[in-house]
Amino acid sequence: MAGTTCTCNCSVSNLTGEAKIEHLLELYKGNPSALIVVLSAIQTELGYLPKDWMVRVAEELNMPLTDVYGAATFYAAFSMQPKGKYTINLCVGTACYVKGAPEVQAAIEKELGIKPGETTEDRKFSFNLVHCIGACGIAPVMTINGDVCPKVTKDTVAEILSKYE
Amino acid sequence: MNTEVLNIIREQSKKALAARLGEGSQDNFQKHVLVCGGTGCHSSGCQKVYDKMEETLKATGLDESIKLIQTGCMGACQLGPVVMVYPGEYHYCHVGEDDVSEIVEKHLKNDELVERLFYTNNDGELQPTMSEMDFYRRQQKIALRNCGKIDPTSFEEYLAVDGFKALEKVLTSMKPQEVIDVIKASGLRGRGGAGFPTGVKWQFMADNESDEKYVICNGDEGDPGAFMDNAILTGDPFSIIEAMTICGYATGATKGYAYIRLEYPLAIKNFRLALEACRKNGLLGENILDSGFSFDIEVREGAGAFVCGEETALMASIEGKRGEPRPRPPFPAASGLYGKPSNINNVETWANVCPIILNGPEWYANIGVGKSKGTKVFALAGKIVNAGLVEVPMGISLKEVVEEIGGGIADGKAFKAAQTGGPSGGCIPIDYYETSLDYETLAELGSIVGSGGLIITDEDTCMVDLAKFYLTFTQEESCGKCTSCRIGTKRMLEIMDRITKGLGTEEDLALLEELAYIVQQTALCGLGQTAPNPIVSTLQYYRDEYLAHIIDKECPAGVCDIKVKKKAAKKITA
Amino acid sequence: MATVTVTIDNRQIEVEQGITILEAAKKIGLKIPTLCHMREINEIGSCRICIVEVQGARTLQAACVTPVYDGMVVRTNTETVRQSRKMLLELILSTHPAECLTCLRNTNCELQTLAKSFGIDEIRFKRVTGKMVKEDSIDRSSPSLVRDPRKCVLCGRCVAVCEKVQGVKAIGSVNRGFDTVVAPPFDLELGDTNCVNCGQCALVCPTGAITEKDDTAEVWAALSDPTKHVVVQTAPAVRVAIAEEFGMEPGTLGTGKMVAALRILGFDKVFDTDFAADLTIMEEGNELLQRLESKQNLPLITSCSPGWIKYVEHFYPELISNLSTCKSPQQMLGALIKTYYAEKENIDPKDIVSVSIMPCTAKKFESARDEMNASGYQDVDYVLTTREFARMCKAAGIDWDNLPEEEFDTPLGISTGAGVIFGTTGGVMEAALRTAYELVTKEELDSLEFTAVRGLEGVKEAEIEMNSVKLKVAVVHSLKNAKIVMDKVKEGTADYAFIEVMACPGGCIGGGGQPIPTDLNVRMKRVAGIYQADEQLPIRKSHENPAIQALYEEYLGEPLSEKSHQLLHTEYVERDLFTNAPAKKEEKTAI
Ligand SMILES: Cc1cc2nc3c(=O)[nH]c(=O)nc-3n(C[C@H](O)[C@H](O)[C@H](O)COP(=O)(O)O)c2cc1C
Ligand code: SF4
Ligand code: SF4
Ligand code: SF4
Ligand code: SF4
Ligand code: SF4
Ligand code: SF4
Ligand code: SF4
Ligand code: SF4
Ligand code: FES
Ligand code: FES
Ligand code: FES
């Protein structure tokens, strides 16, 4: 079996949303090895992996639905639930851990009333733990929708979160 | 594109870069201002600094004579955002938006230095330039040679620092076997963890006949606390592309994959831009430099699984499957991606290839110590003053790295131990503070160089808690395929949990040790086989800390939350 | 073939290059314990039970996936190895419910056997399971199988069989790490999926995590109800396997004792599905001739395997019209019992309980299909697998060794050699050819054995000439092989007139309801038993079965008559690709 042949990078394409997913399904029709590429695109474009789309992926790539679901539940980047408006990724990598990430985690949990992997009821915040985002020099760090917050402490959590409406 | 055209562009580019290469400006741009755009500085607000700088230069009309560039990581992330001014390698630290106009007014316009933004070491010595700074002085940058020095998205800037010279040399004057022989003779070993001789690996692949072969760059960088691969992919992507292409030529592969961790969006972006530039300039694709050799590379983003750094799992992931490792043999060199011969190397390994080709294997083999040749990039972090990326010759002492480069322990505390090799590694206690950092010595001490995570701990760190931290990580990242790791690490973690809560017993400790040994011995892949290492290593050096938790119901470092009351000694009544 | 010299437990042997340590050890009489391994099907090295010491290796190596090399030195039974295996078992058991006494696999469970051999006398860990495994997570949704994820050791054998042998992959690994489970996708239960109920997963599962759905209680109840007339039929493949449940060699012919046992259990009549197999040949043979004449819906594809039928309904709906409209023999006999037999004996069909003993879990599903009530009642009320039947015998204290040999009841117990070979791959084809040849050419066959369609090769082809017309036929078993042939049919590159498909590897002798273990060796012995049974029978061609001739004379008229159609033929349902639901055309599947 040959690999996927796409060489022009997706970042180049200006398609977004469902149109982009459709484009990929067309491009990789009958090619199960593109599964992760396609699922990643769905995750990015739609924020989660809706069931109907996973069924479509299985049909179009010509593979068992079991394999689609198996991969979807294997990788931490995929989620079956719609995400909140803001996604907080708190780094609990080693550097951040030894510099107090656990305390920050506790503060976020307290502030939002959710555990890692959960989303607040008002769908405002989703909270995840990640392991090192390559910013160990300014540990502990967290990102909120990609914005990096350096040297977070348990006391600055509330203030940082209050900036997100 | 042929070599002639390439060299014409290179010469032009060199002129444009002369101010930075210490040769004095050869064009209109008298000064170059480099704003670090690495992940660390990004997090501390370098984008605003860059924007402000751009705006100010425009407003003052200086944009005609001063070149502004955003680079990859310079290494001193703790000091970020970093701004460098050439000529002179002036290194401004912690530059804020508000500092920009002062730098422009004083330094750029009037050649007056802004001293308050320079680095001062512990002894109060002001160190304005890179070559003066303790942090950089003892480093030797090979893998990181271009990081922080060039615009990572510019094909021309890469050419100016001798980019694609190695590829040109290989394609025009070397046979594939000669390339492999050079890599072998250099003594380069894999920087992804296992330290396997790179040339030997290439040879295996070259020796396997096949209609299709693959070259893979392992950019999954899973060790939580290592970030050199990120820095290289973000700050010098062309060098990886060039090295992979050289390997393709040497081993007979025509297709490459760069598997990059999803958590590194900037690395993915820059790498893709670099790929595009290479294709546009004919350095990827059909008939590269008229040599008849064709090669192309595709980026694959990870999807959040540490185990996908393991080579067979990584290939499963590229194939669109769950990232579960499979038993080896067959090794990738015989049957890898899509069952075809494949060669996989770590980002930092790739980053060493071009200098070796250009400077010769002897040059490289003369750096380092014993069987550990060349340099190693360490991600220095934890309770250290100057956290960041440091590239040092193998064989340098731990103490030198911590004290002289790292500026010692933060907040005036005392060094306790260094944890190397991340979740697969172990710790080096103060008794071995002067140990040499190389593959063999660290292995003797029960740790590993691994991917180069170097976490410094101080007296406030509980070693039991730290070991538990790593085990928590590996347990969560276990793929679940094999019994040993799926259930074994879980049961170990339960015991560690009891111990850190003051609920552990001495039987628990015995069971933990038995489990650790059996998980190491029986797990299918490296993740499980090394998951117990942090525990085994801390038990070797800090058994008393474990016993304090178990018998005295006490965490000596005061980290663990022990609620159990120590049993009052039984009163003996007559 | 290149050979290498290896030393295993101080014994030096020369073996073929490239074989595993496990295979090499076998040659010197060592059976290294395994759990996840299935030769050529599941070679993933996941359970680690088979680990051994290899000199020079950093860690222990899994014998089942590690190839030998020249000069290799292996130790399979050191203190470290024993201690490690014991710990691995202890770890597995620390997630296991250990309900042996109430488990269908009690005394025939690989995990239990391992625990016993290693003398596991204590589990030093508290039982904690992954978060997807709940005490109430037993899946009873399938008419054929029960999944108990609590007992799953994640060996992956079922997944490998379902994927690589059957090409279905209704189940697979879900989640990762400690929370991994083997399950259908999403929150679907097995009965809601495209599972074809073949039961191959249950056959290979080393534990009680996937088992047949047990229907013995209902049958006991019917047997003890004096108002019911309880009739039983037994499939061809059961007679060559049932004796294994009583410690006999695979392939031992147990027909006579089986009939006696059924009478002891209290069945009022003991009939033979082989009779209906003969009948199938009459109907299907004529259907073939008809289609050849009209040149429509060719190739004709057999329909006696309900696992296969469901597979077509999900994966090849466009080939439904190629399927024979004949019901399976079980269902033909079921329909006749409640009509022909009931009329003949003057019994109200509502008082008849029709039971069948099958090698097959899919037959449980088949008997419950909506189409299967030609008599106005469900034609077959309960389907028991060979294993369930054996359990009933054991509960009743039947002493197999001392059973007499008895004969089936007439007339629905009269059958031929052609009927019995239905139990193995190639059998339906051979039986059909025996009859078709003679009906078409009006000549007697010199030799009844069509060896080209015999054997356990995945795809078999043959060509026969009848009245100078050449007919190309194909025989496949296991659904993955069927897929190969069906793709050709779909593309129009197959020039077969007739294709026999059996869902299970080896055909029904390897059915999902057969005694455990069923492996290649066992299958071959059962196949031999089947052909032995064929040879022993006085009549070996379906059209010569006197009871069949009488049936047509007295009741059906002729093959493909209206009455035949009403009782013996059926139709099929187009199903969704991934779920059990009927296909909704042009609409996105909702799960
Ligand atoms: C659990 C696990 C995780 C790994 N993660 C990485 C990784 O993130 N990056 C990497 O380069 N190698 C990683 N490796 C090592 C790779 O399997 C492989 O040995 C390496 O990429 C080979 O490249 P090298 O020879 O250049 O070191 C990992 C190994 C294991 C067992
Ligand atoms: S998926 Fe489409 S847009 Fe994306 S890189 Fe490939 S061809 Fe281009
Ligand atoms: S380590 Fe390097 S790349 Fe990372 S943030 Fe620091 S300077 Fe930037
Ligand atoms: S050791 Fe862990 S990660 Fe590796 S295969 Fe086994 S379960 Fe998976
Ligand atoms: S699966 Fe085996 S070990 Fe588990 S309860 Fe059943 S018989 Fe016992
Ligand atoms: S063997 Fe022991 S545990 Fe099992 S049923 Fe008999 S008495 Fe009970
Ligand atoms: S019964 Fe057959 S189709 Fe269904 S899960 Fe088991 S093996 Fe797969
Ligand atoms: S259900 Fe049975 S065969 Fe399947 S993985 Fe679990 S234990 Fe193995
Ligand atoms: S081959 Fe036989 S046992 Fe298997 S599904 Fe078909 S009828 Fe049942
Ligand atoms: S450990 Fe947190 S960014 Fe690296
Ligand atoms: S990111 Fe700026 S110095 Fe590292
Ligand atoms: S039998 Fe070898 S690992 Fe399971």
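1. Start with the charges. Between domain 1 of chain B and domain 3 of chain B, the count is 0 salt bridges. Bear in mind that this is a predicted model.

2. Polar contacts are another matter. Between domain 1 of chain B and domain 3 of chain B, 4 residue pairs are in polar contact, with both residues at pLDDT 80 or more. Which classes of residue does domain 1 of chain B have on the side that touches domain 3 of chain B? That side has 6 nonpolar, 3 polar and 1 charged residues.

3. Now the extent of the interface. The size of an interface is often given as the accessible area lost when the parts come together. For domain 1 of chain B and domain 3 of chain B, the buried area is about 730 Å². Carbon and sulfur atoms give 49% of it. In residues, 10 from domain 1 of chain B are in contact with 10 from domain 3 of chain B.

4. Chain B has domain 1 at 18-135, domain 2 at 155-362, domain 3 at 371-460 and domain 4 at 464-573. The C-alpha centres of domain 1 of chain B and domain 3 of chain B are 29 Å apart.

5. Turn to the rings. Over all chains, the count is 31 aromatic pairs. One of them joins B:Tyr214 and B:Tyr257. This pair is tilted, with 6.0 Å centre to centre and 50° between the planes. B:Tyr214 lies in strand β7 (residues 214-219) of chain B and B:Tyr257 in strand β8 (residues 255-260) of chain B, so the pair ties together parts 43 residues apart in sequence.

Methods. Residues are numbered from 1 along each chain as its sequence is written. Chains are lettered from A and ligands numbered from 1 in the order in which they are written. This is a predicted model: local features need pLDDT of at least 70, side-chain atom pairs count only at pLDDT 80 or more; totals for chains, interfaces and linings use all residues. Side-chain values use heavy atoms; hydrogens and water are left out. Domain bounds come from an automatic or database domain assignment. Contact means heavy atoms within 4.5 Å. Buried area is the accessible area (1.4 Å probe) that two parts lose on being put together, summed over both. A salt bridge is a side-chain nitrogen of Lys or Arg within 4 Å of a carboxyl oxygen of Asp or Glu. A polar contact is a pair of N or O atoms within 3.5 Å; within protein, one must be able to donate a hydrogen and the other to accept it, and residues adjacent in sequence count only if both atoms are side-chain atoms. Ala, Val, Leu, Ile, Met, Phe, Trp, Tyr, Cys and Pro count as nonpolar, Asp, Glu, Lys and Arg as charged, and the others, Gly among them, as polar. Rings of Phe, Tyr and Trp (its six-membered ring) pair if their centres lie within 6.5 Å; planes under 30 degrees apart count as stacked, over 60 as edge-to-face and the rest as tilted. Helices (H or I, at least four residues) and strands (E, at least two) are DSSP runs, numbered from the N terminus.
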